[in-house]
Amino acid sequence: MANFGNDLELALNAKLYNGGHFVYSSELAALLQLCEEHQSLHKAARMLQVSYRRALQMVRSAEEGFGQQILYKAIGGLGGGGSCLTEFGLKLTRGYAQMERDLTTFAAQRWQEIFPGTRARAIFPGPKQKDPL
């Protein structure tokens, strides 16, 4: 029997495609989660060390792929701009997180079935944010 140790941690990154068009992944889920928390796509992008242009491109690509708006965007001004998830965006982000947790938990259990006597702990890392200065 192979010796894998018992300190294995298992994390999955599910990617969604619609009609062959890539639309969603853990990276976009993290971006949208932070965007909802901070009401700012710009701030969420900075926290993940992603350029604002790349973040906006990811959102637009997903919206095009799903054929629905994911994010409300308000242009800055006197009160400042901001962003928040649409109802569809909230449902998508929450549903994707649940699906990823379920898949990771199943994969960790399956690992132990395939390699009896070993253990792989399911982990859910969440957004990889930039360290505060």
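These are my notebook entries on a predicted model of one protein.

**Entry 1: the overall layout**

I started by counting elements, and the protein has four helices and six strands. Reading from the N terminus, I wrote down their order as β-β-β-α-α-α-β-β-α-β. Next I looked up burial: 32% of the 133 residues count as buried. I also checked how far along the chain the contacts reach. Taking contacts between residues at least 6 apart in sequence, I found that 53% of them join residues at least 24 apart.

**Entry 2: helix 1 against helix 3**

How do helix 1 and helix 3 lie relative to each other? I looked up their axes, which come within 11 Å and cross at roughly 110°. Angles of 65 to 115 degrees count as roughly perpendicular, so helix 1 (residues 26-38) and helix 3 (residues 52-66) are roughly perpendicular to each other.

Then I listed who meets whom. Helix 1 brings Glu27, Leu28, Leu31 and Leu32, and helix 3 brings Arg54, Ala55, Met58, Val59 and Ala62. Sorted by class, this contact has seven nonpolar residues, two charged ones and no polar ones.

Is leucine 28 buried or exposed? Its relative accessibility is 4%, and anything under 20% counts as buried, so leucine 28 is buried. Setting aside neighbours within four places in sequence, I found leucine 28 in contact with Val23, Met58, Val59 and Ala62.

**Entry 3: helix 3 by itself**

Helix 3 has 15 residues, and I get 21 Å from its first C-alpha to its last. That is close to the 21 Å expected at 1.5 Å a residue.

Which residues of helix 3 are buried? My list reads Ala55, Leu56, Met58, Val59, Ala62, Glu63 and Gly65. I then asked what covers them, and the cover includes helix 1 and helix 2, along with strand 2 (16-18), strand 3 (21-24) and strand 4 (71-74). Just after helix 3 I came to glycine 67, which takes a positive phi of about 70°.

A reminder to myself: most residues other than glycine have a negative phi.

Glutamine 39 has a phi near 55°, a positive value in a residue other than glycine. I placed glutamine 39 in the loop between helix 1 and helix 2 (41-47). With 39% relative accessibility, glutamine 39 counts as partly exposed.

Glutamine 49 also isn't a glycine, and its phi is positive at about 60°. This one sits in the loop between helix 2 and helix 3. Glutamine 49 counts as exposed, at 59% relative accessibility.

**Entry 4: serine 40 and serine 83**

I went on to serine 40, in the loop between helix 1 and helix 2. Serine 40 counts as buried at 18% relative accessibility. Apart from neighbours within four places in sequence, serine 40 is in contact with Cys35 and Ser83.

That sent me to serine 83, whose place is in strand 5. Serine 83 is buried too, with 7% relative accessibility. What does serine 83 touch, leaving aside neighbours within four places in sequence? I found Cys35, Gln39, Ser40, Leu41, Leu71, Tyr72 and Lys73. I also looked up serine 83 against glutamate 36: they are 47 residues apart in sequence, yet their C-alpha atoms are 7.3 Å apart.

**Entry 5: threonine 86 and helix 4**

Threonine 86 lies in the loop between strand 5 (82-85) and helix 4 (87-114). Threonine 86 is buried, with a relative accessible area of 5%. I traced its side chain to the backbone oxygen of glutamine 69, at 2.9 Å. Beyond neighbours within four places in sequence, threonine 86 is in contact with Gln69, Ile70, Leu71 and Tyr72.

Last, I looked up helix 4. This helix has 28 residues and reaches 40 Å from first C-alpha to last, close to the 40 Å expected at 1.5 Å a residue. Its buried residues are Gly89, Leu92, Thr93, Tyr96, Glu100, Thr104, Ala107 and Ala108.

Terms used: Residues numbered from 1 in each chain as written. Predicted model: local features only at pLDDT ≥ 70, side-chain atom pairs only at ≥ 80, totals over all residues. Heavy atoms only, no water. Axes fitted to C-alpha atoms, helices over the stretch in contact; angles between N-to-C directions. Helix = DSSP H or I, 4+ residues; strand = E, 2+ residues; numbered from the N terminus. Parallel < 35°, antiparallel > 145°, perpendicular 65-115°, else oblique. Contact = heavy atoms within 4.5 Å. Nonpolar A, V, L, I, M, F, W, Y, C, P; charged D, E, K, R; others polar. Buried < 20%, exposed > 50% of the residue type's maximum accessible area, 1.4 Å probe, protein only. Polar contact = N/O pair within 3.5 Å; in protein donor to acceptor, adjacent residues only side chain to side chain. Expected span 1.5 Å × (residues − 1).
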